[in-house]
Amino acid sequence: MKGLIGFLLLAIVTTLLWGLVGVLRGRPGSPRAVRALTLRIGLSLGLFCLLIAGMALGWWAPHGL
């Protein structure tokens, strides 16, 4: 499970950088940056849902600081 979370975090950072490149190098009106940032939002929501589901199903338990 930790590997999946690490992969999702890496994918989120990658799409964030892909969106930055799309903004800096893209032509005006190009949908490249919008697609990358939309994908990043979807991955972030998926990771959040996975963390909440994992906590609810007992895959991991929150611990106090």
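Okay, let's start with Thr-15: leaving aside neighbours within four places in sequence, Thr-15 is in contact with Ala-36, Leu-39, Arg-40 and Leu-43, where contact means heavy atoms within 4.5 Å. Quick background: this is a predicted model, where local features need pLDDT of at least 70 and side-chain atom pairs count only at pLDDT 80 or more, while totals for chains, interfaces and linings use all residues. Residues are numbered from 1 along each chain as its sequence is written, and side-chain values use heavy atoms, with hydrogens and water left out.

So where does Thr-15 sit? In helix α1; helices are DSSP runs of H or I, at least four residues, numbered from the N terminus. Thr-15 counts as buried because its relative accessibility is 7%; buried means under 20% relative accessible area, exposed over 50%, and partly exposed in between, using a 1.4 Å probe and protein chains only.

Now over to Leu-50, in helix α2, residues 32-57. Is Leu-50 buried or exposed? Buried, because its relative accessibility is 16%. Which residues does Leu-50 touch, not counting those up to four places away in sequence? Met-1, Leu-4, Ile-5, Leu-8, Trp-59 and Trp-60. Arg-35 is another story: Leu-50 and Arg-35 are 15 residues apart in sequence, and 22 Å apart in space, C-alpha to C-alpha.

Last one, Met-1, one of the residues that Leu-50 touches. Met-1 is found in the segment before α1, which covers 2-25. Met-1 counts as partly exposed because its relative accessible area is 46%.

Conventions. Helices (H or I, at least four residues) and strands (E, at least two) are DSSP runs, numbered from the N terminus.
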